[in-house]
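Hello,

Here is the structure I promised to pass on to you. Please open it and keep it beside this email while you read.

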Amino acid sequence: MPIYIDKPLGKTPLEVIKEIREDSREKYSFAGRLDPMATGKLIILKGLECKQQHLYCNLDKVYTFEILFGFKTDTYDIMGLVESYNVKNLQNINVRIDNYIGKFSQPYPPYSSIIVNKQPLWWWSREGKLKEINIPSKQVEIYNLEYLEDIEVKTNELLLRIILHKINKLDKKNHQDFRVPIIIDKWNDILSNLKFTPIIKKYKATVSSGTYIRSLANRIGNDLGIGALAFNIHRTKFIQKK
C-alpha cells in the first residue's frame, strides 16, 4: 500500500524518502510533488507500486494556503528573490474569487521541475536564459475556491522573523542550490526598511492535478496590480477519482 505522510516545512520529497527508506536496494518514488516551503500530504510509493505512479499523480487535491499581498518574487513564494513590492495600497483588498474558478491554461512557474529542452525550468531561470525558451503551460481546473480568514501579523519586523524562520527550515546543504544567502539578504534589506502592517489572507481550494497554488497567488497579485505570493501552502487531501 502507498505510504501517506505529512511532509514537514523545509523538506524536499527526496529527503522525506531518504528518512523513511528501510532498504537501500528497494526502489522508492513519490507522487504529488511539494515544494520545500509547502507542507502536507505526500504519497510515497515502494517497490512495484512505483510502476503505478501515474495513477497517483493525476489525483485532484485540496489545499489551504495563505497569500501575502504587496510582494512579488521570481518563485511566486517566499523562497524567491523579491522582484517588486507595493505596501502603500494594501487597504480594501477584494479578491474576486469567481474569476479563478474553472478551467484555464496555467503556465508553469519559472522555478519548477518541468523539463524544457533537456533541462528543468528552474535551471533556465537560474541561468538567466528564460528568453531562450517557451515556458510550457498545462490545462488545469480550480473546482472550488473560498476565503477562510485574515492572518494577523502586526508588523514588518514580525513578518521578517516568520519568513526567515521558514526559509531556515531548509537543510543547510541545500542553501546554495536554493539561493538562500541572497534571498535572505534581499528580504532583510526590504523588510528592515519598511514600516507597514502586512496583509495575509487564508484560502481553501480544490484543484485538478498539476495546479500550482503559488502560480494562483501570483496571478491574483497581478490582477490586483499590487503583487502577491504564496506565504504558506498546506495540502490537506488527495481525492480519489470515481
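Phe 71, Tyr 85, Trp 187 and Phe 196 come together in one aromatic cluster. Please keep in mind that this is a predicted model. In total, the structure holds 8 aromatic pairs. One of them is the stacked pair of Phe 65 and Tyr 203, with 5.7 Å centre to centre and 25 degrees between the planes. This pair links distant parts of the chain, as Phe 65 belongs to strand β4 and Tyr 203 to strand β11, 138 residues apart. Both Phe 65 and Tyr 203 are buried.

Tyr 108 and Tyr 212 make an edge-to-face pair, at 5.9 Å centre to centre and 75 degrees between the planes. Tyr 108 lies in the loop between β7 and β8, while Tyr 212 lies in the loop between β11 and α6. Why does Tyr 212 count as buried? Its relative accessibility is 18%, and buried means under 20%.

Rings also meet charges here. The charged end of Lys 166 sits over the ring of Phe 231, 5.3 Å from its centre, and the charged end of Arg 219 sits over the ring of Phe 104, 4.8 Å from its centre.

Now for the pockets. The largest pocket has a volume of about 840 Å³ and is lined by 28 residues. Helix α1 gives the most to this lining, with 5 residues. By type, the lining of the largest pocket holds 10 nonpolar, 5 polar and 13 charged residues. The second largest pocket has a volume of about 560 Å³, and Tyr 212 is among the residues nearest its centre.

Enjoy exploring!

Key:
Residues are numbered from 1 along each chain as its sequence is written. This is a predicted model: local features need pLDDT of at least 70, side-chain atom pairs count only at pLDDT 80 or more; totals for chains, interfaces and linings use all residues. Side-chain values use heavy atoms; hydrogens and water are left out. On a 1 Å grid over the protein atoms alone, a cavity is a set of points where a 1.4 Å probe fits but cannot get out, and a pocket is an open set with protein on both sides within 12 Å along at least five of seven lines; lining residues have an atom within 4 Å of a point. Grid points are joined across faces, edges and corners, and a volume is the space filled by probe spheres set on the points. Helices (H or I, at least four residues) and strands (E, at least two) are DSSP runs, numbered from the N terminus. Ala, Val, Leu, Ile, Met, Phe, Trp, Tyr, Cys and Pro count as nonpolar, Asp, Glu, Lys and Arg as charged, and the others, Gly among them, as polar. Rings of Phe, Tyr and Trp (its six-membered ring) pair if their centres lie within 6.5 Å; planes under 30 degrees apart count as stacked, over 60 as edge-to-face and the rest as tilted. Buried means under 20% relative accessible area, exposed over 50%, partly exposed in between (1.4 Å probe, protein chains only). A charge sits over a ring if NZ of Lys or CZ of Arg is within 6 Å of the ring centre and within 35 degrees of the ring normal.
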